Amino acid sequence: MRITQICVGCGHCKVFCPVNAIETCGTSRINENCIECGKCKGYCAIGAITEEP
Amino acid sequence: MKVAIIGGGLGGLLAGAALSKDHDVRVFERLDMYGGRFTNLPYKGFQLTTGALHMIPHGNTGPLANLLRQVGADVNIVKCKPDGCIMKKDNTQISFYSFRELLSPGAQAKVPLIMARMLIQRKGTVADIVGNDPEWIPITDSCCGWALSTLSRDTPASEASGIIKHTIGGGPGKYNIPGVPMGGCKAVVDSLANVIAANGGHIELDSKVDSVLVDDGKAKGVTVNGEKVEADIVISDIGHRLTSELYDAGQMNPKYTAVLQKVRPSAGIKICLAAEEPLVGHGSVLFTPYARRVNGINEVTHIDPSLAPEGMHLTMSHQTMQTTDVQKEIKLGLQDLKNMFPGKKYSVLLVQSYRDDWPVNRIASGFDMGNLTPVKGLYIVGDGAKGKGYIEVEGVAAGVSTLLGTLKANS
């Protein structure tokens, strides 16, 4: 799971992440806690999250 | 009539609720939730939001409340008390109506002239109205920033005069002061979703509209997740620019294209705090003209305590994005909050930025492009098609009301 450069930092992904794997400050970043559940992608406001490496 | 609505944000849901009474309405929402930038985000026991700050600028008397009543949406909007406050340089608060106290005698002498200009001036910006006076600019920046997420120098004078006429300029009872929808933003969109369902309409989540079908210059439907859906009219709640990317560029006309290229979204930052003790101390807006970045703060849990865990407060600040360096802007916003609430017990829940395709407003206030597009039967609602002189969601509602009038006239 990766957040692309179009991220605006709205924080949806952080709120819906069940394992506290997202850090948000201006834009968001996925850290090593990620379990690839895909919730962040489903709730991303602008489609900035991809499963591609 | 078959109506396809692109986007289940506030504008799309308002249009859907109004039209579903007499028409076959389908709302297509790309995300797993409806509400767009006007719904709740449950987080650590708090009801944060996707955008708005759990406030309706004109409370239970404004365009949004009126349209909610018109469509039969049941929302309890509680008036904020007091009307509004301003934080002084020493961090004490005064009533918004006492703003003269912030000014030197010389600047106070300009109040009648500036207020008159605010009501009638059409040309230039709000900064021009106050003559770029360094005593006035922090006050007008705070108001423009909170209400529109623009600075005084970027806010057209005509927009300010419209807003003032709708509020204090209209006299008592014209439109009210802000109110809080009990249950937060989600109470509003849930109520609209209920109306749509009760009328036989449908909101379809995880449904991405790929294109608008156009035949001979007229909208004939949409494709959703690759599937064709016929419609007599198409209403889009995703703004003019993103909608224009859904149909053949050959449908565009030069004038529309030129305006599209010129308009810009307004950007902002919201900082959500979990407060163990009241920071603002009341349920209304606290304008913060002397902060470096934060324009205003609210603490709506004084009105609806259910938006935070028991004994806690949800405090939210808003600031206009003044530069493109988002991290720097956030840092300055956080520092403002430290300076304004020294020694208070709070923690930062979430910092949210709004810009680009998830902005404060898809088109900065004062530059809205209206409901019409170059394609017949394709209309825009939402914060890129607001009514002139209306703040935030009041503008969304006013824009939807204008569209409903247009559709009625056309029928």
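The model is predicted: local features need pLDDT of at least 70, side-chain atom pairs count only at pLDDT 80 or more, and totals for chains, interfaces and linings use all residues. Residues are numbered from 1 along each chain as its sequence is written, while chains are lettered from A and ligands numbered from 1 in the order in which they are written.

**Where chain A meets chain B**

- On chain A, 15 residues are in contact with 18 residues of chain B (contact: C-beta atoms, placed from the backbone, within 7 Å).
- Three elements of chain A each supply at least two residues of the side that touches chain B: α1 (12-16), β2 (22-25) and α2 (39-43). Helices (H or I, at least four residues) and strands (E, at least two) are DSSP runs, numbered from the N terminus.
- The largest share, three residues, comes from α1(A).
- By type, this side of chain A has eight nonpolar residues, six polar and one charged. Ala, Val, Leu, Ile, Met, Phe, Trp, Tyr, Cys and Pro count as nonpolar, Asp, Glu, Lys and Arg as charged, and the others, Gly among them, as polar.

**Overall build of chain B**

- Chain B has twelve helices and 19 strands.
- The C-alpha trace of chain B spans about 65 × 50 × 40 Å along its principal axes.
- Of its 411 residues, 55% count as buried. Buried means 20 or more other C-beta atoms within 10 Å of the residue's own, exposed 12 or fewer, and partly exposed in between, with C-beta atoms placed from the backbone.

**Domains of chain B**

- An automatic or database domain assignment sets the bounds: domain 1 (2-78 + 181-263 + 366-410), domain 2 (85-170) and domain 3 (268-354).
- The centres of domains 1 and 2 of chain B, taken over C-alpha atoms, are 31 Å apart.
- Six residues of domain 1 of chain B are in contact with ten of domain 2 of chain B.
- The domain 1 side of that contact holds two nonpolar, two polar and two charged residues.

**A hairpin in chain B**

- Strands β3 (residues 40-43) and β4 of chain B pair in the antiparallel sense over four bridges (pairing: at least two DSSP bridges).
- Two residues lie between β3(B) and β4(B), and Lys44(B) in the turn has a positive phi of about 55°.
- Pro42(B) stands opposite Gln47(B) in β4(B).
- From β4 (residues 46-49) of chain B, Phe46(B) and Leu48(B) point one way, Gln47(B) and Thr49(B) the other, and all are buried.

Conventions. Contact = placed C-beta atoms within 7 Å.
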